[in-house]
Amino acid sequence: MASTLKTQTDSDGILMLTIDVADRSMNVLTPELLRDIGTAIETAAASARIKGMLITSGKPSSFIAGADIKDMVNTYDRPDALQAAFESSKALSSLYRRLETFGKPVAAAINGLALGGGLELCLACHYRVLSDDPKAVVGLPEVTIGLLPGAGATQRLPRLIGINAALPILTQGKPLRPAEALKAGIVQALAPAGELVNLARTWLLSAPEPVQPWDKKGFRMPGGAAMGPATAQTFMVGTALAAKLTQRNYPAPLAILSSVFEGTQVPIDLGLKIESQYFARLLSGPVARNLMRTMFINKGLADKLSRRPADVPKAPVKKLGVLGAGMMGSGIAYASAMAGIVVVLLDSTQTQADKGKEYSKNLLAKDVERGRMTQDRSDAVLALINATADYVQLAGCDLIVEAVFEQRDIKADVTRKTEAVIPATAIFASNTSTLPITGLAEASLRPRQFIGIHFFSPVEKMPLVEIIVGKKTSKAAIAKALDYVGQLKKTPIVVNDSRGFYTSRVFGTFTAEGMKMLEEGVNPALIENIARQAGMPVGPLAVSDEVTLELQYKVVKQTQKDLGDKYVKPVSYDVLHRLVEDLKRIGRRSGHGFYEYPEGGKKFLWPGLAGLYPHAVSQPAPEQVRKRLLYIQALETARCFEEGVVTHPADADLGSILGWGFPAHTGGTLSFIDTVGVANFTRECSAMAKLYGPRFKPSRWLLARARTGQKFHDVVEDQTAA
Ligand code: NAI
């Protein structure tokens with residue numbers, strides 16, 4: 001028992017369980033812990049001396065963080081997945097049921113964060129007192145990883161606080177602060193951390209009845225039963241809303257609604273069984289596996305800088321130089337100053353540089369206005385940014401991020417001027433979105449110290465940073481870039497150099513496919529709607545307008561110039577040419593693109609499109625449109641993997657979801673192929689190649705993988721826990 005919890009019975013007959021899972025910074029529900037809780041319950045049940053049980057945690061400021069995700073993520077791959085998932089939920093649920101029914105009162109002294117199965121344990125206690133520390137959040141985040149709480153919360157929470165109050169907590173997965181938890185009725189009291197145990201003991205010593213409200217005769221659901229007038233409406237609206245919000249791509253919210261609806265109309269034991277059945281369906285399905293693996297396990301590893309060369313000493317950035325104070329440079333300066341880094345923000349004139357700093361000033365003022373930041377902190381952050389047009393100010397910078405115009409000669413010029421003043425050890429990074437890093441590094445005296453750090457717009461909001469390794473880039477440069485991304489608390493992926501790198505290259509296939517369909521006569525409204533239904537945040541035409549058609553056209557032109565005879569026109573070429581060159585419809589910024597942007601009004605598809613690209617008499621089935629849009633992105637990612645641009649499937653997945661909004665329920669572009677099955681995927685691609693063109697043709701390399709059934713992801717072996 002020593003490795004998971006300590007037990008101690010005091011002279012009043014209170015058995016105290018102090019949960020402290022060894023070798024974990026936070027308690028998670030390991031099989032050993034559950035076994036030990038079970039043993040403690042039976043000890044308490046059997047001993048006449050024990051009058052009640054008190055559960056708390058030995059970890060500072062945290063109770064239990066939830067289940068161990070690594071135990072769940074591979075369920076999907078098991079041949080007996082559904083049964084195994086049901087059994088795992090039932091086992092935990094039965095343990096908690098035993099806790100609340102073994103005949104003695106149980107109190108939880110919740111000394112900090114209690115999430116998922118951790119909060120569910122508390123809900124099975126007869127009394128709950130929570131630390132009033134604002135960091136002591138409680139919640140049921142299972143829905144965010146494609147699951148429902150499978151240890152009783154869909155049954156106990158509605159029975160405790162009512163269906164209408166429980167549903168948002170269950171279906172949104174947002175954590176509650178202590179005051180909110182008290183107000184909602186999830187805990188009976190709040191107390192300073194040092195007094196929690198005393199309060200719980202006092203309650204236990206008051207000889208309370210060890211029976212939950214729902215086990216008492218004549219129990220009625222607070223706020224009304226599922227079919228009652230006050231709640232029936234909630235289910236109707238809730239179901240329609242969940243279906244709309246998830247486009248039925250995420251099964252968990254609807255499963256939660258069903259579990260609550262069905263389970264609260266029967267006795268709790270049956271309700272718990274219904275919950276386990278719904279849980280099992282989710283855990284054995286692909287969405288939960290994909291969300292857990294990509295958005296939890298792999299994102300966690302990336303955030304811990306798992307791709308950082310281990311043999312290079314840590315080198316956080318102390319003084320950053322940002323070249324170009326335009327849209328990207330000003331965002332980079334803001335995000336860096338917020339991370340406490342001293343920033344020199346340089347532009348060609350002092351006025352331009354000041355304008356860039358103004359961006360931070362405005363964002364900080366908003367933070368102060370909304371009460372998110374004190375004036376002092378805002379002043380301190382702003383003071384970290386030195387706006388200048390003088391290169392000498394860059395002296396002493398240990399990292400440079402260049403974000404001047406996307407022109408090779410200008411970039412070469414600022415590289416040379418900067419290298420003349422910065423230390424010989426400094427790392428120079430370009431934020432270019434399209435120009436290969438190896439080529440840009442030719443302007444550098446120290447190409448080994450040259451790297452790509454590609455941010456996304458708007459910098460302060462977008463969570464991903466794509467690190468691009470050029471032919472000569474050293475490990476020290478990679479380590480520095482990763483340390484910097486870690487300081488910004490963003491998620492890095494590391495890719496090798498190529499035109500468009502990974503993210504822009506694959507994203508480009510999505511917009512191009514949308515434009516190609518438009519050209520073929522597919523109704524643009526159909527293209528846009530199906531893209532959103534598939535889970536893309538915006539349709540390919542709308543997003544093209546956002547990044548501007550002009551920029552896409554410029555990139556195409558530049559590539560054509562660079563590659564000469566080797567250049568293969570993208571399928572979007574003619575549409576781009578027509579809109580940008582002939583019609584001067586350059587995108588949202590100008591008010592005209594595929595859409596019209598009336599001032600102060602809502603955008604709408606430009607009616608003139610129908611004249612340019614008349615609707616074909618026969619429109620494709622929605623499924624065909626969906627497949628084209630998703631498969632082309634996944635296939636291009638496979639090509640990036642084949643070419644060594646992307647070397648880790650996790651990078652491909654994370655980059656696709658966090659970089660350009662590939663639907664998270666798929667787990668990302670390579671998880672998508674694995675889920676469809678490589679053989680099915682290549683078969684469908686070959687069929688599409690016949691219909692739509694050779695861009696859908698799978699390579700020999702991919703066909704070989706399909707033949708041998710080689711997935712991109714192996715089963716998750718031994719990863720860090722929740
Ligand atoms: P921008 O046009 O808003 O800003 C560029 C800034 O560089 C301007 O303030 C300009 O005055 C300054 N500049 C130009 N020549 C200079 C020189 N010789 N010395 C000092 N400053 C000079 O452009 P934006 O959008 O910020 O893009 C900058 C870079 O970031 C480009 O390489 C672009 O490809 C890349 N990028 C852009 C993204 C976007 O969404 N706009 C996303 C990711 C990367």
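1. The largest cavity has a volume of about 40 Å³. A cavity is here a set of points, on a 1 Å grid over the protein atoms alone, where a 1.4 Å probe fits but cannot get out, and a volume is the space filled by probe spheres set on the points, which are joined across faces, edges and corners. By this rule the count comes to 1 cavity of 30 Å³ or more.

2. The model is predicted: local features need pLDDT of at least 70 and side-chain atom pairs count only at pLDDT 80 or more, while totals for chains, interfaces and linings use all residues. Residues are numbered from 1 along each chain as its sequence is written, and side-chain values use heavy atoms, with hydrogens and water left out.

3. The lining of the largest cavity (residues with an atom within 4 Å of a point) consists of Glu419, Ile422, Ala426, Ile427, Phe428, Ser444, Arg446, Gln449 and Phe450. By class, this lining has 5 nonpolar, 2 polar and 2 charged residues. Ala, Val, Leu, Ile, Met, Phe, Trp, Tyr, Cys and Pro count as nonpolar, Asp, Glu, Lys and Arg as charged, and the others, Gly among them, as polar.

4. The ligand is surrounded by 21 residues (a heavy atom within 4 Å of the ligand), the closest being Met328, Asp347, Glu406, Lys411 and Ser433. The shell divides into 9 nonpolar, 9 polar and 3 charged residues.

5. The side chain of Asp347 has an N or O atom 2.7 Å from a ligand oxygen, a polar side-chain atom of Ser433 lies 2.8 Å from an oxygen atom of the ligand, and for the side chain of Asn431 the distance from an N or O atom to a ligand oxygen is 3.0 Å. The protein covers 80% of the 830 Å² of accessible area (Shrake-Rupley method, 1.4 Å probe) that the ligand has on its own.

6. Helices (DSSP runs of H or I, at least four residues, numbered from the N terminus) H13 (327-338) and H16 (408-419) are the elements that give two or more residues to the ligand shell. H16 gives the most, with 3 residues.

7. The second largest pocket (an open set with protein on both sides within 12 Å along at least five of seven lines) holds about 800 Å³ of space. Of its 39 lining residues, Gly66, Ala67, Asp68, Ile69 and Met72 are the closest to its centre. The largest share of this lining, 7 residues, comes from H3. The lining divides into 23 nonpolar, 10 polar and 6 charged residues.

Notes
A polar contact is a pair of N or O atoms within 3.5 Å; within protein, one must be able to donate a hydrogen and the other to accept it, and residues adjacent in sequence count only if both atoms are side-chain atoms.
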